[in-house]
Amino acid sequence: MALPPHASLGEKSWHYCYLIICALIFLFLIAPILVIIPLSFNTEPYFTFTYEMLTFDPKGYSLRWYDNILTFGMAEPDRPRNNAWWDDVWANAAWFHAFKNSLIIGIAATTFATVLGTLAALGLSRPEMPFRRTIMALLISPMIVPLIITATGLFFFYAAAGLAHTYLGIVMAHAMLGIPFVIITVTATLTGFDHSLSRAAASLGASPVTVFHKVILPLILPGVISGALFSFVTSFDEVVVVLFVASYDQQTIPLQMWNGIREQISPTILAVATLLVIVSIALLTVLELLRRRSERLRGLSPG
Amino acid sequence: MKTLKLVASATLAVGLLLPAATVSAGEITVMSWGGAYTKSQVEAYHKPWMAKTGHKLKSVDSPNPGAPIKAQVTAGKVSIDVADVEYSDAVRYCDEGLLEPIDAKSLPSAIDGTSAENDFIKGGITDCGVANIVWSTIFAYDADKIKGEKPKTIADFFNTSKFPGKRGMRKGAKANLEMALMADGVAVADVYKVLGSTAGVKRALGKLDSIKSDIVWWEAGAQAPQLLADGEVVMTTAYNGRIFNAAVSENKPFAIVWDGQVLDFDMFVIPKGAPNKALALDFIKFATSTKPLADQAKYIAYGPARKSSAAFVGLFKDGKTKMAPHMPTAPANLKNALVNNFEFWADNASELNERFNAWIAAN
Amino acid sequence: MAMANKPSPETETTLVMADGQPLKKALTRAMRRARLRAFLLVIPLLAFVLVTFALPIGQMLYLSIHNPVFSDYMPRLTAYFNTHPEEGVPNEEGFAALVLDLIDAKKNRTVGRVGTRINYDRAGSSSLFKSSARKAAKFKGPSYKESLLEHRQDWADPKLWNVMRRAANAHTFDFYLAALDFTHDANGNLIKVEPERRIYIMLFLRTFMLSTLIAGLCLLLAFPVSHLLANLPLRYSNLLMILVLLPFWTSLLVRTTSWITLLQSQGVLNDLLVAIGLIGDDGRIQLMYNQFGTIIAMTHILLPFMILPLYSVMKTIPPSYMRAARSLGATPFTAFVKVYFPLTIPGIGAGTLLVFILAIGYYITPALVGGSSGELISNQIAFHMQSSLNWSLAAALGAILLFGVILLYWLYARLIGIDNMKFG
């Protein structure tokens with residue numbers, strides 16, 4: 001991207017302008033996410049930087065909002081912090097309850113979406129697959145159709161089928177929403193897949209199951225895992241469907257946040273948000289490592 | 001192969017966790033409005049009831065507990081045993097067959113033996129609902145932000161030249177239209193007559209129009225004091241108890257203007273097909289008896305729906321604030337007060353909300 | 001797999017398999033088996049998506065044209081309407097059917113539902129049905145008409161009867177008409193509702209315009225950044241890519257919360273403006289609870305969806321093209337407009353369509369930061385689902401939105417191809 005030595009003055013100034021514009025856009029992208037992190041350590045219940053915070057006075061910073069994540073919803077938050085107190089957290093703390101639900105629903109939905117989605121992607125990537133484009137379009141559409149419409153449809157359907165206010169109902173809905181991501185990532189991996197590898201294995205006497213385990217799966221695994229991650233994040237982040245078809249029992253973190261933002265925007269929300277940003281960073285790292293591994297592996301097959 | 005096993009065991013683990021969703025016997029779910037209001041019910045009703053009966057009670061919040069009832073009953077999958085709803089919703093849902101009827105005779109008498117029917121404030125018992133509190137929509141201001149002369153009448157709320165600054169209002173037709181008419185000079189007795197005519201609705205919306213660009217809309221009850229505290233608005237309409245709590249427990253400089261308040265009941269109802277109907281009824285009987293109703297006033301400034309409770313209303317939980325003058329029903333606060341006409345709203349809610357939404361959405 | 005060695009047409013007639021079968025037949029069978037095998041892999045998922053996605057949406061669409069409340073709970077009057085097609089206030093026979101139905105509805109506690117249904121189209125009907133049903137048991141025939149009119153004069157209103165007559169059709173397009181701000185007048189003619197009650201067309205238009213604006217803003221912001229990412233050496237661009245991917249992977253609610261913190265009147269941006277003296281403490285700008293809030297927050301949230309497709313297209317444009325254009329005498333500007341820009345159009349198309357499709361269905365962000373002027377059509381759907389409980393109208397609004405999205409999706413599939421959708 002370096003400028004050639006013969007660039008004119010106009011070109012040079014335009015080039016620096018362009019770099020500044022890009023820097024500002026990157027700032028726009030990342031600053032809103034970073035700004036909540038220091039604010040979540042605010043001593044005061046405000047959404048803005050206090051004088052103490054700006055002068056790096058330790059008095060301006062505290063962990064009270066992180067503590068509040070644990071105590072919110074507890075029966076007796078003021079008791080001494082012994083085992084009984086932690087039992088109370090486990091049983092009653094609202095954010096904890098939401099976190100457990102998000103995890104259960106996310107893992108179950110991801111498992112479901114990944115298994116079915118990977119199988120389907122294997123079928124869809126074969127050239128002989130009939131009605132390939134139409135079926136593909138249908139399977140991707142949950143990602144495209146506005147969530148409010150999907151949620152409205154599920155609301156009526158689940159009411160009639162007795163799936164409203166059940167874990168199974170939410171898991172199925174979230175699996176359905178995660179499937180497009182699995183399909184897209186796995187088929188993308190399979191387009192670079194050299195089919196002669198599986199033919200070679202078959203000609204050497206491997207059964208189709210062995211071929212799948214020993215040849216296909218290791219190669220498409222990065223795609224499968226990143227699809228699974230996408231579908232987990234979709235479930236972990238989804239609020240509209242939960243809003244429509246869940247009851248308190250299935251309250252998830254995004255729903256708890258939605259209620260929190262509408263009812264009492266205390267910096268507790270920022271503390272939760274900060275923790276979620278850390279989770280995203282972790283996921284992003286995993287994904288990046290997978291991508292590198294995938295590139296290395298694919299380098300093996302001429303393709 | 002390892003991955004498959006992992007996947008299989010994860011599925012199995014999740015499968016084992018699923019039955020946790022079913023409610024064990026002896027537990028009821030009570031849905032209410034959240035924030036300080038739910039807290040006051042937890043202290044005055046939930047905890048004493050659990051201590052007395054040994055049953056468990058789960059408290060759930062919703063920005064409007066009326067909405068999930070219809071959804072759940074129509075779906076035939078009811079998870080709420082008791083809900084705290086607005087008067088007009090209690091009447092409307094009862095007519096739509098969405099609620100279990102409650103026999104007024106089964107409610108406990110007052111301590112002096114007065115029957116429940118005579119003890120409740122007139123209208124406090126309907127076919128399917130039992131009132132717990134009298135609450136009101138008032139407007140409040142931040143005394144620190146308004147220097148000099150303070151607002152005193154409902155007209156001041158709509159006067160942005162005298163009192164500049166943003167206004168918070170509930171996003172809905174109810175109470176806003178009435179307040180607009182009162183501010184426009186309509187006498188309390190005539191408000192619903194005027195609002196019943198097309199010209200009256202135009203007049204009310206016209207009054208709202210005069211401050212439209214300054215309005216910040218809120219939806220959940222806890223948002224109103226939040227908007228004031230955050231400095232997003234200088235005045236807001238609010239449920240009176242929320243403002244009282246912010247002012248007294250959190251020492252916020254909030255003041256209530258009672259002029260032009262709109263009074264309403266809140267009702268306990270049992271959705272049709274509630275999983276624990278008998279326990280739900282037992283809870284309602286307990287919660288709406290004389291003492292617990294009076295106890296709730298210890299935690300929030302809403303008036304008890306039984307006359308016999310008034311004698312027991314004492315000090316706020318801080319042990320020094322006398323509650324009586326903070327009740328919407330205190331004589332000094334009733335000088336220019338409107339009682340919500342539930343019949344009117346049952347008839348006109350959908351029409352007026354439609355008009356209101358169209359008005360609000362138009363730039 | 002069998003396809004790979006497909007023989008040429010001239011030879012295939014003569015070739016046979018080891019077991020004596022003609023090769024052509026064997027190939028067709030192998031082909032069919034392969035197709036079946038591919039299809040079997042897809043079947044479980046297809047069935048799952050049909051049940052959990054297509055079926056519920058189909059059911060919702062049906063609900064938007066099917067509302068049997070009136071015909072179910074007022075069967076006699078419905079039957080009367082079916083045999084007496086003339087409009088207006090009926091005679092004694094119609095009133096008798098009405099009274100008998102009201103008595104039953106009162107007994108079954110369904111009269112409120114009927115009243116609510118009629119109330120959608122004629123305000124004040126709820127109490128009319130309720131009070132009449134209370135009285136109905138005391139009426140003695142055959143002067144039902146007289147008794148009812150004596151109770152409430154409303155029953156002589158021809159508009160009420162026309163509304164009931166239309167409601168008696170369980171299958172109706174009336175909710176679509178309502179969703180497009182149309183209604184029927186007293187004579188049953190189709191008219192636009194009064195100007196001060198029109199809302200949905202305006203909201204559909206606003207949703208369309210704001211989505212266009214947001215897609216445009218995203219494109220404007222994404223173009224330079226994608227260009228930079230595509231042209232930097234890999235080790236720098238990978239680092240910078242994190243700044244795009246982190247927002248992409250961060251929860252929607254977290255990002256919306258961030259914008260609330262930034263935009264509040266006591267929030268970070270206003271504080272900053274006050275601190276540097278651009279505005280006074282009492283002159284804080286309303287950045288949230290209006291269209292501005294919706295636009296800026298949604299642009300931020302959807303920007304990665306524009307950058308990623310644009311970047312993947314720009315990555316494939318060899319830098320030598322621009323150098324060639326320059327060496328042939330083009331100014332940097334001409335080279336960009338004539339050579340580089342046309343090559344990025346597939347990326348622009350993919351990104352813009354994707355952002356636009358996602359934007360027109362947004363609900364959460366406008367609900368939290370949009371106030372009333374930043375509200376989109378989804379918020380009205382949610383209102384009718386959760387507050388007014390007029391579910392048929394919600395379904396009709398949803399169906400219209402869905403139609404728009406499908407149209408765009410079809411366009412996307414035709415122009416860009418679904419196979420080309422990628423993330424990360």
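Into which domains is chain C divided? In this predicted model, chain C comprises domain 1 (2-65), domain 2 (69-172) and domain 3 (200-420). The centres of domain 1 of chain C and domain 2 of chain C, taken over C-alpha atoms, are 57 Å apart.

Chain A was examined next. Its secondary structure consists of 13 helices and zero strands, giving the pattern α-α-α-α-α-α-α-α-α-α-α-α-α along the sequence. The C-alpha trace of chain A extends over about 70 × 70 × 40 Å along its principal axes. The radius of gyration of chain A is 25 Å, whereas a compact globule of 303 residues would have a value near 19 Å. Of the 303 residues of chain A, 49% count as buried. Among contacts in chain A with a separation of 6 or more, 70% are made by residues 24 or more positions apart.

The domain assignment divides chain A into domain 1 (39-92) and domain 2 (99-298). Over C-alpha atoms, the centres of domain 1 of chain A and domain 2 of chain A are separated by 34 Å. Nine residues from domain 1 of chain A and seven residues from domain 2 of chain A take part in the contact between these domains. On the side of domain 1 of chain A that touches domain 2 of chain A, helix α3 (residues 64-71) of chain A provides the largest share, with four residues. This side of domain 1 of chain A is made up of six nonpolar, three polar and no charged residues.

Chain A also touches chain C, in a contact that involves 79 residues from chain A and 77 residues from chain C. On the side of chain A that touches chain C, at least two residues each are supplied by α1 (9-39), α5 (94-124), α6 (132-144), α7 (147-161), α8 (167-191), α10 (208-237), α12 (253-263) and α13 (268-298) of chain A. The most is given by α1(A), with 14 residues. By residue class, the side of chain A that touches chain C contains 64 nonpolar, ten polar and five charged residues.

In chain B, attention was given to Leu334(B), which is located in the loop between β9 (303-304) and β10 (337-339) of chain B. Leu334(B) is partly exposed because 15 other C-beta atoms lie within 10 Å, a count between the limits of 12 or fewer for exposed and 20 or more for buried residues. Leu334(B) and Leu263(B) are 71 residues apart along the chain, and their C-alpha atoms are separated by 9.4 Å.

Note on methods:
Residues numbered from 1 in each chain as written. Chains lettered and ligands numbered in written order. Predicted model: local features only at pLDDT ≥ 70, side-chain atom pairs only at ≥ 80, totals over all residues. Contact = placed C-beta atoms within 7 Å. Nonpolar A, V, L, I, M, F, W, Y, C, P; charged D, E, K, R; others polar. Rg over C-alpha atoms; globule rule 2.2 N^0.38 Å. Domains from an automatic or database assignment.
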